[in-house]
Structure formats: structure tokens, C-alpha cells
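Look at the structure shown here and follow the text through it, one region at a time.

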Amino acid sequence: MADTPATVFLKANRVAFTEHEYKYVEHGGTEVSAGSLGVSEHEVVKTLVMQDEAAKPLIVLMHGDRKVSTKNLARQAGVKRIEPCKPEVAQRHSGYQVGGTSPFGTRKKLPVYMERSILELPAIYINGGRRGFLLKLSPQEIARTLAPQLVDVALED
């Protein structure tokens, strides 16, 4: 299997991970990937590219079965407003196609905000840099390699 910028980044940072492929479904989200791999949607972490009121991009890592409270995120990030980027804008910032966005190996270094409770999981599944491709790794490795700001912004989906 060909490396992606995400797997190159993880190997360079000596992160242990396993690769998991599934059949990508347009707009299927974490429900499809979790179902294909037989894991809880809570363990599948979404990589969301958002922006603040000044159009500065950022990444939010969230459980697959939760939504992001952009109001709470803006407050915790110290900005007025945060909203999702349009797909083409997200792709320009991250270097990844939407549906295949990984927080690792992004085109530009983007600030990362991670839902605090992700660290409580023994392992997570996160996008590996292309559609239909997840990586299983320890959430502690995200903390170590990306130094995310921990936030409490999850809403029940």
C-alpha cells in the first residue's frame, strides 16, 4: 500500500499504527467506516477543517458519534466565531481530499484542537490520508506528535 503524507509523518515520528481499509461511501461518514471495521463510532475520530472569523484555518478532532459546538470551540480558542471550511478550502489548507483528511502531514502546519475525552480511549481509528483508509493508533500519539489544545466541545449527535 502506498504511503500518504500522514503515514510518512507517523513513521518519521516513530508512531506505531496499523492500516485499515474499508469501502468509502460518499457522505457515509464515520458510521460507514465504524460499521465496516466492526468498531464503535466513538472510537473513530473525525478530522474537521474549520476556520475562525479571520478565515484562519484550524483542525478539530472529534469522536465520530459527536458534533462540534462551534460556539464553545470559539470561546475556548479565544476567537469570535468558528465555522467549517468549504470542501475546496479545506483541501487547499490540508492538502487532503475531503473524506480523506488526516491531521498528520498536512500541507501547512495547522493548529489542532482535540476533544479531551479522546485521550481516554485505549486506541482510536483516524483517517490515514485518503478515502477508505483509517489508521489505528494510541490517542496519546496525537498528543505527543501534534500537541493539540484540549477542548470540551462535544455535542451528542
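**Strands, a buried leucine and a pocket**

In this predicted model, strand 6 and strand 9 (residues 149-151) run parallel and are joined by three bridges.

Now take strand 6 (residues 112-115) by itself. Val112 and Met114 point one way, while Tyr113 and Glu115 point the other way. All of these residues are buried.

Tyr113 is also one of the residues that leucine 73 touches. Leucine 73 belongs to helix 3, which spans residues 70-77. Is leucine 73 buried or exposed? Leucine 73 counts as buried because its relative accessible area is 0%, and the cut-off for buried is under 20%. Leaving aside residues up to four places away in sequence, its contacts include Val60 and Val151, along with Met50, Leu58 and Ile82. By contrast, 21 Å separates the C-alpha atom of leucine 73 from that of leucine 121, which is 48 residues apart from it along the chain.

The last stop is the largest pocket, which holds about 790 Å³ of space. Its lining has 32 residues, and those closest to the centre are Lys46, Thr47, Leu48, Val98 and Gly99. Helix 2 (29-37), strand 2 (44-52) and helix 4 (87-94) each give two or more residues to this lining. Strand 2 gives the most, with seven residues. Sorted by class, the lining has 14 nonpolar, eleven polar and seven charged residues.

Notes. Residues are numbered from 1 along each chain as its sequence is written. This is a predicted model: local features need pLDDT of at least 70, side-chain atom pairs count only at pLDDT 80 or more; totals for chains, interfaces and linings use all residues. Side-chain values use heavy atoms; hydrogens and water are left out. Helices (H or I, at least four residues) and strands (E, at least two) are DSSP runs, numbered from the N terminus. Buried means under 20% relative accessible area, exposed over 50%, partly exposed in between (1.4 Å probe, protein chains only). Contact means heavy atoms within 4.5 Å. On a 1 Å grid over the protein atoms alone, a cavity is a set of points where a 1.4 Å probe fits but cannot get out, and a pocket is an open set with protein on both sides within 12 Å along at least five of seven lines; lining residues have an atom within 4 Å of a point. Grid points are joined across faces, edges and corners, and a volume is the space filled by probe spheres set on the points. Ala, Val, Leu, Ile, Met, Phe, Trp, Tyr, Cys and Pro count as nonpolar, Asp, Glu, Lys and Arg as charged, and the others, Gly among them, as polar. Two strands pair if DSSP finds at least two bridges between them.
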